[in-house]
Amino acid sequence: MTPIQETHSHTLEAHALHVRAGTFAAVQEVSATFPAGVFTAVIGPNGAGKSTLLRALLGLSPPEHGEVRLLGRKLADWPRSERARTLAYLAQGEGLPDTAQVRDVVALGRGAGAWRWGLIPTRPWTDADESAVTDALTRTDTLRFEHRRVSELSGGERQRVSLARALASQPRFLLLDEPTNHLDLAYALDVIRYVRCEVAGGLGVVAVLHDLNLAARADALLLLHQGRVLAAGPPEEVLTPALLHTAYGIHAQVIRHDGRLVVLPQDGGEGV
Amino acid sequence: MTTIHDPHSTTHPPRRLLPRTLALLAVLLASIVLAVGLGSVFIPPAEVLGALWRGVLSLGSGAELSGNDIIVWQIRLPRVVMGLVVGACLSVCGAAFQGVFRNPLADPYLLGVASGGALGATVGIVAGWPRSSIPLSALAFALAAVGATLALSREGRRFPPTRLILAGVVVGSVLSAFTTFLILRGEDRARQVLAYTLGDLGFSGWRDVLTILPYAVIGCGVLMALARALDTLQLGDLTARSLGVPVERLRLLVVIAASAATAAAVAYVGIIGFVGLVVPHLVRLVWGAGHRVLLPISALAGAALLVLADLLSRTTVLSQVGVVTTLLGGPFFLWLLARGRSD
């Protein structure tokens with residue numbers, strides 16, 4: 001394994017970010033650093049600004065103040081196509097065309113970075129593209145059903161196809177918005193496992209997660225509350241009863257089991 | 001333009017798509033020969049092919065045509081070619097609209113083109129303008145209707161799809177009300193208006209074909225060039241944007257290109273229903289959903305379908321092609337829905 005250099009240029013950073021969603025200040029004064037080779041989970045109650053932060057990090061929601069820096073360079077200064085290749089996004093409940101074949105869907109992730117006016121592919125499809133697609137299919141264990149139609153897949157298989165689609169551009173950072181939503185626990189753990197493998201290979205991952213026990217498997221946590229950072233750091237520092245009470249209004253016990261933190265909400269809380 | 005190697009060719013083995021495409025081309029050719037041959041004077045297929053060949057030669061040599069060759073080239077062929085162009089146009093635009101709105105119920109008339117064209121033609125007919133200026137009036141009104149829809153749905157620099165669809169419905173209803181009003185006022189010409197509204201290829205001459213051809217070629221060409229961006233858009237607006245596709249620009253360009261091509265078709269042959277809705281669905285079932293295949297194949301399938309529908313309209317009591325496509329297309333669409341694979 002190659003050691004990850006924790007230098008300034010290997011990070012995705014938010015500096016005093018302010019983002020509005022309509023008239024509502026969804027993200028306020030958020031500063032955070034997401035290094036390559038680290039799996040960061042963004043947690044917080046509904047409406048805390050998690051998805052908005054993710055979209056701002058991708059450059060999809062322009063911030064009102066503050067800035068995002070990708071590999072040391074202002075995100076706004078990146079050419080659109082290069083930014084698309086470097087930052088991959090897996091949206092919440094990503095739509096997949098039902099009648100399309102799995103391999104074709106994954107190949108769409110590869111189209112990034114080769115557009116004229118963003119609309120017409122300008123670069124011929126090469127063997128390198130083909131092998132990047134095969135590689136993404138292999139790493140998500142979707143290669144064996146590459147010729148199936150999306151409509152024939154289960155929810156868990158679809159999510160892996162979406163993950164392969166996101167990995168096909170060979171990005172430096174992958175931003176996932178609730179990638180385990182609506183998945184059975186086994187499939188949710190699967191997604192986390194595949195993401196973990198990529199992180200070990202040097203990919204920087206930022207994932208919005210609702211399930212705190214899944215989030216406990218991340219390297220670092222960013223806890224948002226009312227659009228602001230309430231806590232950031234390793235799971236041990238963020239998943240504390242006091243912080244969970246402030247953010248979620250719950251009384252929870254946090255225990256360590258098999259070297260991993262487990263959050264146990266108590267009955268009689270003010271709603272989970 | 002750079003030639004783009006099509007990743008489909010490695011993923012859908014060409015072996016599987018080629019026979020289907022060849023079969024479709026055979027159907028297309030057969031429908032052309034049949035449509036040119038059938039009529040008050042029957043011309044056998046071999047003679048149709050001979051006449052077509054002699055006509056092509058005479059274009060080079062300037063030789064005079066005679067006998068059945070005149071029927072083929074001056075009466076039947078313009079109508080058939082018009083059917084080919086309009087059928088291709090409506091199907092490609094329908095597929096593009098379904099793709100850009102990610103809505104299986106979208107059709108080329110979604111944004112008010114048809115009601116605009118109908119009003120334009122009605123104004124011309126009721127005012128007693130010469131026959132040759134009716135299509136120009138229809139074209140102007142059809143384009144103006146789409147312009148109104150775009151203006152009404154605009155939100156800053158964005159054209160949100162839901163607003164576009166709703167604005168299209170409103171513009172369509174208001175223009176239809178005007179059309180109805182004019183028809184009731186000028187009732188002696190009501191039949192003429194109705195005939196236009198139901199779609200008819202009967203008046204088509206070579207001049208009309210040449211007039212709509214640029215709209216069709218440019219409109220459909222732009223849509224086909226956008227095929228890969230349309231594929232990417234199927235992943236959702238946010239994902240497409242994260243992949244570098246400027247979604248707003250794409251949507252605007254598709255709407256303009258498809259509307260211009262549809263407006264030209266509507267202006268010269270009236271409102272032919274269901275072709276633009278049904279053909280793309282049919283093609284998706286057999287050739288898959290990728291727009292790089294879907295759009296050109298829809299053009300071929302739509303062309304064949306409209307020529308056959310027009311043949312049916314002039315050899316049966318149904319009398320107008322729009323009646324045929326609607327009569328056949330409606331139940332067919334229900335069958336697609338019943339299969340549960342409509343998208």
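## Stop one: a valine and its surroundings

Start by selecting Val68(A), which you'll find in strand E4, residues 65–70 of chain A. Keep in mind as you look around that this is a predicted model.

Is Val68(A) buried or exposed? Val68(A) has 21 other C-beta atoms within 10 Å, and the cut-off for buried is 20 or more, so Val68(A) counts as buried.

Leu57(A) and Val68(A) are eleven residues apart in sequence, and their C-alpha atoms are 6.2 Å apart in space.

## Stop two: the sheet

Now move over to a six-stranded open sheet in chain A and colour its strands in the order E6-E9-E10-E3-E11-E12; the pairing is mixed. At the edges are E6 (87–90) and E12 (228–233) of chain A, each with pairing on one side only.

Zoom in on E6(A) and E9(A), residues 173–177, where four bridges join the two strands in the parallel sense. Show Leu90(A) here, and opposite it you'll see Leu176(A) in E9(A).

## Last stop: a helix on the sheet

Finally, select helix H5 of chain A, residues 155–167, which packs on the sheet and touches E6 and E9 of chain A. Compare directions, and H5(A) makes about 165° with E6(A).

Notes
Residues numbered from 1 in each chain as written. Chains lettered and ligands numbered in written order. Predicted model: local features only at pLDDT ≥ 70, side-chain atom pairs only at ≥ 80, totals over all residues. Pairing = 2+ DSSP bridges. Contact = placed C-beta atoms within 7 Å. Axes fitted to C-alpha atoms, helices over the stretch in contact; angles between N-to-C directions. Buried ≥ 20, exposed ≤ 12 C-beta atoms within 10 Å, placed from the backbone.
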